[in-house]
Structure formats: structure tokens, C-alpha cells
Amino acid sequence: MTSRNVANADLVIVGAGLAGSAAAWAASERGLHVVLLEAFGPGHRNGSSHGSARIFRRAYPDELHVRLTGTAGQLWRKLEDVAGEKLLMVTGGLDFGATRNPRLLHELLTSCGVPAELLGPEAAAERWPYFDFAGVGEVMFHPEAGVLDPGNAMAAMLRLAAANGADVRFNTPVTRLEPTPSGDGAVAHTNSGSFTASVIAVAAGPWIAPLLDGVVGLPPLTVTQQQVFHFAPVTVPAEPWPIFVHKDGTDDCYGLAGGRDGEVPGAIKIGGHDGPRTTTAADRDFMVDPAARAQVTDFVGRRMPGLAAAPVNEVTCLYTRTENEDFILDRSGPFVVASPCSGHGAKFAPLLGEIIADLAAGLPTPHARFTLAAHGVTRA
């Protein structure tokens with residue numbers, strides 16, 4: 001049965017995570033009639049954007065991402081100003097471990113005008129005594145890093161979008177996407193009706209491949225169930241700890257102040273980027289992998305004397321990864337593919353919203369690396 005047409009719009013956005021919420025805010029600011037369709041309720045924990053803590057950092061091993069983080073940081077400040085609330089807590093950031101290559105990161109950041117400093121392990125341990133840097137080599141510190149609050153950020157962007165006239169609909173899963181018969185738009189079908197728009201932007205994280213199957217060609221995407229753990233500090237810190245990223249070929253861990261999710265004062269959220277099991281949005285089981293728990297707990301025992309030995313809580317989330325972990329931000333006909341994936345998209349959220357709005361307006365993606373073609377997709 002064909003569902004009744006309940007809305008016509010300039011732009012329909014599928015998915016109200018960080019990217020979709022940012023796109024709704026950006027597009028509605030430009031005066032577009034926006035409809036945002038979210039399969040679940042506000043703040044749900046089924047995808048990738050929930051919770052109170054994500055890393056913001058400038059440290060990337062390539063100039064493109066360093067430049068984009070700068071623009072994203074400016075847009076986070078704009079969002080804070082417009083929303084009237086604090087969403088990005090600056091803590092500074094540490095990068096250490098041989099395969100993290102702090103010297104390379106330092107050279108790249110400073111060449112781009114981003115403040116950063118290199119320290120030896122003894123000097124770093126004196127400055128941050130709750131870490132054990134013995135044998136890690138150089139440690140890079142960059143002061144612009146910090147912690148984002150995705151839950152409050154999404155709520156703020158959706159509130160601003162709604163104030164601009166956006167129609168935000170929760171608990172409205174999209175069952176099918178298709179171009180209009182005339183080819184000048186697209187239709188999102190739901191159980192409560194169909195929504196027609198000039199452009200549909202799909203920012204649905206791990207649901208993006210099944211939604212676009214047979215509609216837009218995509219490269220292989222791998223969904224993984226990640227797990228993170230919160231550890232209580234031995235002494236509640238007077239100031240938030242810096243975020244950190246550590247890689248040495250064996251350990252691949254990151255950490256940050258856990259915010260509301262930490263459940264105890266000063267809790268630190270720690271997880272691993274690699275090594276989780278693959279799944280799908282429909283099949284994930286929300287169960288923490290004991291091997292991941294053991295790996296992170298072992299890392300804490302060796303490298304973080306400022307934390308208690310056992311986690312106080314644990315949670316899972318989903319990554320949606322491209323093969324090279326670059327984003328997909330491109331347009332194919334009336335569809336915008338917005339997959340700021342691979343576990344590092346949160347920090348770019350307000351910038352991603354602007355890019356999605358640009359793509360909906362017919363402007364090109366900001367870099368060829370983010371096109372479908374760059375990911376090996378040949379257009380029909």
C-alpha cells in the first residue's frame with residue numbers, strides 16, 4: 001500500500017544524530033522547509049551519537065582534518081552562543097605512543113598555526129602525574145582539545161531548528177526511500193505517511209546502507225559494536241583531565257572526562273578504537289566484549305595510576321566505518337549521503353550540518369576525498 005503524502009519539504013533529513021541534527025539547524029537557518037525523521041526517541045542509545053562525552057581535538061596526521069577541526073571549533077562556539085549553553089569544555093589533549101607519532105603531529109599542527117608542544121616522558125609525568133609515561137617517548141600536548149556534550153548539543157540544535165520552523169518527528173522510522181517518478185525529488189516512506197522533498201539527506205549512521213540499498217551505490221561499510229568503560233579517579237580532580245590518544249602498536253586507547261555518563265565525580269571514559277566485533281544496526285546485542293574490558297583494564301593498570309583498577313560502568317555504541325575511515329559527504333541525484341563515520345565524526349558536527357546543507361543546495365563537497373567516487377563508487 002502506498003502511504004499517504006503527509007508533507008512536502010525542501011529537505012528531508014533521515015536521522016537525528018549529531019550530523020542530522022546539525023543539518024536541520026543549518027538548513028533551517030537558511031530558510032529551508034526541513035522535515036527531520038528519526039526512528040527512535042530523543043537521546044536514544046541505539047546508534048552512535050548518544051551520551052555526554054566525545055573528544056574534540058585538532059591532532060590529525062593530515063592537514064585537511066586539522067583545517068576542518070579549526071572551522072568546526074568556530075562553529076561549536078557559534079552554537080554555544082546561539083543556544084546559550086556550554087557544549088565544549090576545553091581540557092587540552094595528549095598524544096603519545098610510537099605509532100601515534102607525537103613528533104609528526106606536532107610538526108603538522110604547528111605548521112598549521114595550531115598551538116602544540118612536545119615534552120619528554122619525565123616532564124609529562126611531572127605535569128600530569130595521574131599518567132605513567134615511562135618508556136613512551138615524546139608526549140604532545142595541544143591546548144585546544146576538549147570534551148563535547150553530544151546529548152545536549154543534539155537537543156540544542158533540534159530546539160533551534162524547530163524554532164526556525166523545522167518539523168522534527170521522533171519515533172518515525174523510514175521504511176523506504178525512492179526518487180520521485182519525475183526525477184526532480186525524492187520520497188521517504190514511513191508507516192505514518194510519505195514525505196516528499198527536493199532533496200533527502202540520509203544521516204542514519206549504521207542504518208545508512210540498508211536505507212540506500214538499491215537507491216544509491218555505496219562503498220563497503222563496516223558496522224562495529226564499540227565499548228567504553230568509565231573509571232573512578234583515585235582523587236577527584238580539581239580540574240578536568242586532558243583528553244588523550246595513545247597508540248603503540250599494541251594499545252590503541254583514548255580517554256576523556258566522562259561527564260554525566262561517568263556516574264561518579266571525575267570519572268574518565270576510556271575505550272579502544274580497534275578490535276571490536278562486527279555487527280549490524282539490527283543485530284547488535286549491547287553486550288560488552290570481555291576481551292575489550294580486559295584490554296582496557298590492563299591499559300589502565302599500566303598507564304593510569306590516577307584511576308581505580310576496575311571500571312564503574314560500561315556501555316556500547318556503534319561505529320560505521322569506511323575502508324579508509326574517511327567520511328562520505330556527497331550527493332547522488334536527489335539524495336545526500338552523509339556518513340561522517342568511523343568513530344571520529346562527532347567533533348565535526350556543526351560543520352557537517354553546513355556541508356549537508358550545502359550539498360542539498362547543489363554545492364560540491366568540500367574535498368574530493370569525501371566523494372563517493374573517492375571511495376570507489378562508479379555512478380551509473
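Which strands each supply at least two residues of the lining of the second largest pocket? In this predicted model, they are strand E4 (88-90) and strand E8 (146-148).

**The second largest pocket**

The volume of the second largest pocket is about 290 Å³. Its lining comprises 20 residues, and Met-89, Pro-240, Ala-257, Gly-258 and Gly-259 are the closest to the pocket centre. Sorted by class, the lining holds 13 nonpolar, 4 polar and 3 charged residues.

In soluble globular proteins, nonpolar side chains tend to be buried together. The largest nonpolar core here has 42 residues, and the members with the most contacts inside it are Leu-11, Ile-13, Leu-109, Leu-329, Phe-348, Leu-351 and Ile-356. Helix H8 (residues 349-360) gives the most to this core, contributing 7 residues. A second, separate core has 25 residues, including Leu-94, Ala-124, Tyr-130 and Val-300.

Helix H8 is mostly covered, with 11 of its 12 residues buried. The buried set consists of Ala-349, Pro-350, Leu-351, Leu-352, Gly-353, Glu-354, Ile-355, Ile-356, Ala-357, Leu-359 and Ala-360. The length of H8 can be checked against its residue count: at 1.5 Å a residue, its 12 residues should span 16 Å, and the end C-alpha atoms are 17 Å apart, which agrees. Just after H8, Gly-362 takes a positive phi of about 95°.

Leaving aside neighbours within four places in sequence, Leu-329 is in contact with Val-337, Ala-338, Ser-339, Leu-352, Ile-355, Leu-359, Thr-365 and Phe-370. Among these, Leu-352, Ile-355 and Leu-359 are buried residues of H8.

**Ser-339 in strand E20**

Ser-339, another partner of Leu-329, lies in strand E20 (residues 335-339). Is Ser-339 buried or exposed? Its relative accessible area is 4%, which is under the 20% limit, so Ser-339 counts as buried. Not counting residues up to four places away in sequence, Ser-339 touches Ile-208, Phe-327, Ile-328 and Leu-329. Ser-339 and Val-202 are 137 residues apart along the chain, while their C-alpha atoms are separated by 8.0 Å.

Helix H1 (residues 18-29) has 12 residues, which should span 16 Å at 1.5 Å a residue; its end C-alpha atoms lie 17 Å apart, in agreement. H1 is mostly covered, as 11 of its 12 residues are buried. These are Leu-18, Ala-19, Gly-20, Ser-21, Ala-22, Ala-23, Ala-24, Trp-25, Ala-26, Ala-27 and Ser-28.

In helix H3 (residues 102-111), the buried residues are Pro-102, Leu-105, His-106, Leu-108 and Leu-109. An α-helix has 3.6 residues a turn, so residues three or four places apart point the same way. The cover over the buried residues of H3 includes helix H2 (63-83), strand E5 (93-96), strand E6 (117-119) and strand E7 (139-142). Gly-113 follows H3, and its phi is positive, near 80°.

**Exposed positions and positive phi**

Most residues other than glycine have a negative phi. Asn-171 has a positive phi of about 55° although it is not a glycine. Asn-171 is found in the loop between strand E9 (167-169) and strand E10 (174-179). Glu-263, likewise not a glycine, has a positive phi near 70°, and it lies in the loop between strand E15 (252-257) and strand E16 (268-272).

Pro-290 lies in helix H7 (residues 290-303). Between Pro-290 and Gln-227 the separation is 63 residues in sequence and 10.0 Å in space, C-alpha to C-alpha.

| Residue | Relative accessible area | Class |
|---|---|---|
| Asn-171 | 56% | exposed |
| Glu-263 | 62% | exposed |
| Pro-290 | 56% | exposed |

Each value is over the 50% limit, so Asn-171, Glu-263 and Pro-290 count as exposed.

Methods: Residues numbered from 1 in each chain as written. Heavy atoms only, no water. 1 Å grid on protein atoms, 1.4 Å probe; cavity = no way out; pocket = protein on both sides within 12 Å on 5 of 7 lines; lining within 4 Å. Points joined across faces, edges and corners; volume = space filled by probe spheres on them. Helix = DSSP H or I, 4+ residues; strand = E, 2+ residues; numbered from the N terminus. Nonpolar A, V, L, I, M, F, W, Y, C, P; charged D, E, K, R; others polar. Expected span 1.5 Å × (residues − 1). Buried < 20%, exposed > 50% of the residue type's maximum accessible area, 1.4 Å probe, protein only. Core = buried A, V, L, I, M, F, W, Y, C linked by side-chain atoms within 4.5 Å. Contact = heavy atoms within 4.5 Å.
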